[in-house]
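Thanks for coming. I have one model to go through, and I will keep it short.

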Amino acid sequence: MRILVGVKRVLDYNVRARVNAEKTAVDLSNVKMSLNPFCEIAVEEAVRLKEAKKADEVVAVTIGPKKANETLRSALAMGADRGVHIMTDLRTDYMQLQPLAVAKLLQKVTEKEKADLVLVGKQGIDSDCGQVGPMLAGMLNCAQATYAAKIEPSGDGGLTVERETDSGTETIELTSFPAVVSCDLRLNEPRYANIKSIMMAKKKKVEVLKAEEMGVDLEPMTEVLEVYEPPPRKEGIKVASVDELVDKLRNEAAVIP
Amino acid sequence: MVLMQYCLNTFPRKVPPRQAWRALKRSFSLSPIDPQERRNTPAVTNFSEDESMIRDATRSWANEQLKPIVRDMDNAGELFPDVLSGLFDCGLMGMEIPEEYGGSGMNFTSACLVVEEIARVDPSVAILVDIQNTLTNNAIRFWGSPELQSKYLPLLAQNTVSSFALSEAGSGSDAFAMRTRATPSPDGSYYTIEGSKLWISNAKEAGVFLLFANVDFEKGYKGVTAFVVDAHSEGVQVGPPEKKLGLRASSTCPVTFDGVKVDAAQVLGEVGQGYKYCINILNEGRIGIAAQQLGIAKGCFDVAMPYLMERKQFGSAIGDFQGMQHQYAQLATEIHAVEVMTYNACRLKESGAPFVKEASMVKLYASQVAEKVASRTIEWLGGIGFTQDLLAEKFYRDCKVGSIYEGTSNIQLQTIAKIIQSDYK
């Protein structure tokens with residue numbers, strides 16, 4: 001089984017996002033970027049499947065500028081066998097390249113690589129869309145399981161996926177491939193790449209493609225009009241009694257009828 | 001061609017004029033340098049892609065795996081086993097050991113970056129990593145026989161902690177006044193070690209000691225010999241750890257050698273050359289200590305700065321008061337100087353250039369800056385800085401040994417002075 005894993009270069013989760021002066025986007029100049037945490041979980045799962053001999057090869061794919069090769073390298077250091085780097089200077093945080101185009105690009109790679117399973121993070125922590133996984137499955141006309149909290153090989157070469165929903169855990173049996181699975185937080189705890197793997201990752205093969213040359217319409221479907229920070233939290237007040245609390249909830253905050 | 005002349009005068013002869021010109025042109029250019037290209041310009045704080053990745057990976061590991069247990073380890077006065085296995089798994093204990101021995105195959109600068117990043121979170125763990133990498137591993141790599149190397153380097157890279165057993169009750173700065181004796185057997189096939197070492201870091205966790213003993217007191221320091229001794233050899237007794245002011249999680253123990261038999265093959269390098277190996281390896285290890293002190297200073301800022309920007313008094317964040325701004329700007333400047341000195345010393349050593357003076361200078365200065373920063377940090381934090389709620393008080397206690405171990409500050413000053421004198425003779 002060949003697993004294709006999507007890895008995205010995003011603003012590091014520790015960095016406080018700031019909006020640029022023109023209020024058109026998050027200011028990404030000189031800020032620390034890293035591997036999207038949900039993508040990291042996807043890579044870890046793919047590598048574990050390979051270590052359990054359920055998969056033969058793990059291919060990591062990223063879409064981004066030249067520096068996204070560092071993201072690929074992190075995935076390779078965790079155990080992916082080789083990488084595909086789709087080069088583009090378009091912003092991948094939803095401002096320019098959007099989920100539909102991303103899904104189309106990944107469809108091309110899935111078909112080219114003849115991947116049996118595509119693992120992606122449930123969402124990017126910059127765009128928070130959660131759309132690429134399901135869209136890709138639709139385009140490939142294949143089965144999907146999103147928000148996976150557990151993936152286990154089932155006896156007959158398929159996969160049993162437990163997905164987390166608001167009302168409980170849903171179990172899906174994936175029996176036909178290719179299939180797309182998006183990974184949620186509780187799926188696994190990613191490993192720390194050790195120095196040796198980080199160095200060896202440099203030697204692993206990375207194929208570079210150009211997004212503009214892949215025959216996909218990269219135009220955004222939606223236009224972002226404004227990006228602004230949420231209003232700063234106002235100071236709270238102390239109330240003297242439950243009656244006063246109810247009164248304020250009803251008449252000031254208008255959150256109860 | 002004033003500019004050309006400037007290039008030729010500014011850059012060392014080694015750099016061909018055309019390269020120097022290009023580098024100078026770049027630094028004067030108005031167009032921004034692509035960050036990826038920036039790494040190739042000659043600034044000591046521009047690290048290679050590999051070194052940056054290692055630094056970032058170590059920082060993540062330290063923040064995620066080490067930070068949550070730092071206070072607990074300090075209170076318990078010991079390192080938790082998960083920390084040790086984490087260090088080995090990440091390849092941090094064998095930074096310069098070649099890959100064929102299971103090491104990480106990196107350079108000295110990477111080892112110092114690792115020490116700095118770990119010290120920024122826990123200086124006790126950093127000293128363990130520093131001693132392993134810059135003292136034991138390198139001594140065995142430089143002077144060990146092929147047999148010693150193939151036996152110990154894999155262990156040191158993958159699962160065995162080591163200690164540097166030099167100091168004794170009667171010999172600290174005067175290291176070669178040591179009384180530990182190594183008596184050769186009549187046929188010379190083994191040595192019997194008798195003596196007591198004191199202040200040995202990592203002794204509780206160590207599986208291997210790099211031991212210095214004298215095989216012939218008549219020869220004075222020329223009898224000092226280095227031995228690689230298995231910690232579990234019969235006759236090796238590790239005493240209980242000292243109760244220290246700081247670096248409490250790092251074990252510092254007396255170690256007694258009571259008739260310990262050590263095979264002649266375990267001699268590191270040549271008999272009677274131990275004093276030379278000791279001096280040389282400590283000259284380098286010093287830079288690692290500077291990296292640790294640098295990490296401490298930065299760790300203090302990591303605690304203080306967020307607090308300064310959040311804590312409000314008299315209607316404004318205390319970090320915005322000019323008096324405070326002047327203080328942290330001044331100290332940040334000194335920390336930057338230590339950083340530049342540390343990594344410059346690393347690069348000098350890597351390039352094969354003389355570095356002893358610079359290494360002494362940076363160890364001396366780094367320990368001074370760390371102490372100053374740690375002390376001032378507590379003042380900035382006010383009352384809470386004086387409690388165990390924040391790590392500032394721990395850094396204050398931890399940094400003090402910086403001016404003492406691996407060569408006291410007074411000894412560093414002597415070393416520097418002697419080299420200056422010889423420069424002018």
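Predicted model: local features only at pLDDT ≥ 70, side-chain atom pairs only at ≥ 80, totals over all residues.

Residues are numbered from 1 along each chain as written, chains are lettered from A and ligands numbered from 1 in written order, and side-chain values use heavy atoms, without hydrogens and water.

A nonpolar core here is a set of buried Ala, Val, Leu, Ile, Met, Phe, Trp, Tyr and Cys residues joined through side-chain atoms within 4.5 Å. Buried means under 20% relative accessible area, exposed over 50%, partly exposed in between, with a 1.4 Å probe and protein chains only. The largest core has 108 residues, and Leu119(A), Leu66(B) and Leu87(B) touch the most other members. Helix H10 of chain B, residues 274–310, gives the most to this core, with 11 residues; helices (H or I, at least four residues) and strands (E, at least two) are DSSP runs numbered from the N terminus. A second, separate core of 31 residues includes Val208(B) and Ile281(B).

Now the rings. There are 10 aromatic pairs over all chains, counting Phe, Tyr and Trp (six-membered ring) with centres within 6.5 Å; planes under 30 degrees apart are stacked, over 60 edge-to-face, the rest tilted. Tyr221(B) and Tyr275(B) are edge-to-face, at 4.8 Å between centres and 70° between planes. Tyr221(B) is in the loop between strands E4 and E5 of chain B and Tyr275(B) in helix H10, so the pair ties together parts 54 residues apart in sequence. Tyr221(B) is partly exposed at 41%, whereas Tyr275(B) is buried at 14%.
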